[in-house]
Amino acid sequence: MPRKVIITCAVTGSVHTPSMSPHLPITPDQIAEQAVDAARAGAAILHLHARHAADGRPAFEPAVYRQFLPRIHAQTDAVINITTGGSHTMTLEQRLAGAIDASAEMASCNMGSMNFALFPVLDKMKDFDFPWEREHLEKTRNAIFRNTFGDIETIFEQLGRGHGTRFEFECYDVGHLYNLKHFVDRGLVQGPIFLQFVLGVLGGIGADPENLVHMKRIADKLFGDSYQWSVLAAGRHQMPLVTQAALMGGNVRVGLEDSLSIGPGEMATSNAQQVGKIRGILESFGFGIATPDEAREMLGLKGRGKVALAA
């Protein structure tokens, strides 16, 4: 049997702003439609943020999430993975609100504080559809994306112990792997661990093939064979590095949160387009595509019947 690869699709995020692409889903209808289409294209996991429909600003309110989460849950059997990263402008309580309200099967968990810089985009973009966009990007020049050890402990307590949620551990640099090992050694994290290596964000490790190999080598050293792993790469690095990850034995993440393109100089028209492209690449190498239930088994998830998302 071919090895099964989990495809995660990160549908909208809070990094890109509406002016960067007309295809970025903003409204609840757009997020729901693109998420369902991505699942039908082969994404076993849907990584989701919320936005305010009027202007695309990052949102945290459970009421906003509930405008699209139950619809996605009803129309697909995909694993719904809700961010706890949200935006650097949010408090930890706000960042946790959506995942707690939904009693999510899976949530992201960022494994360390860092500079998460978006302001270089301002050198390329001069015109914006909404006033908040320029300010949001400029503030990342002096902002710290906070994820202290205490914050992470709170996430484990409120979501992990409180709701049986398991985590996509987002590691933006090698030190984040050691932070996770600290929590494993304390017994606060049990396997199977799902690592998400994040490459190419300014403030984190660079999007180089050598860095991916190094991250994998350190993960092997720290966690042995008790983990699953995946890669997301920012912007133009997305497809090359996630393909490398699959060839190295990992899983993949694509989506408009991570990259707005489908190829050099070509804007992606949807999340499903990116999912379809990586699926074609994986199948051309002889890999199978994991179904949502296969992903649940691989990652030890509690199951879609144990979330609070009935329509």
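Glu170 counts as buried in this predicted model, because its relative accessibility of 4% falls under the 20% cut-off. The residue is found in strand β8, which spans residues 166–171. The side chain of Glu170 is joined to that of Arg253 by a polar contact of 3.0 Å. Beyond its neighbours within four places in sequence, Glu170 is in contact with Arg253 as well as His47, Ser108, Cys109, Asn110, Met111, His176, Gln196 and Val198.

**Aromatic residues**

A pair of aromatic rings is described by the distance of the centres and the angle of the planes. A search of the whole structure finds 10 aromatic pairs. Among them, Tyr65 and Phe68 form a tilted pair, with 5.8 Å centre to centre and 50° between the planes. The rings of Phe223 and Tyr227 have centres 6.1 Å apart and planes at 65°; this pair is edge-to-face because the angle is over 60°.

The relative accessibility of the residues in these two pairs is as follows.

| Residue | Relative accessibility | Class |
|---|---|---|
| Tyr65 | 4% | buried |
| Phe68 | 0% | buried |
| Phe223 | 5% | buried |
| Tyr227 | 10% | buried |

Tyr227 counts as buried because its relative accessible area of 10% is under 20%. Phe68, at 0%, also counts as buried.

One aromatic cluster is formed by Phe149, Phe156, Phe167, Phe169 and Phe183.

Notes: Residues numbered from 1 in each chain as written. Predicted model: local features only at pLDDT ≥ 70, side-chain atom pairs only at ≥ 80, totals over all residues. Heavy atoms only, no water. Phe/Tyr/Trp six-rings, centres within 6.5 Å; stacked < 30°, edge-to-face > 60°. Buried < 20%, exposed > 50% of the residue type's maximum accessible area, 1.4 Å probe, protein only. Helix = DSSP H or I, 4+ residues; strand = E, 2+ residues; numbered from the N terminus. Polar contact = N/O pair within 3.5 Å; in protein donor to acceptor, adjacent residues only side chain to side chain. Contact = heavy atoms within 4.5 Å.
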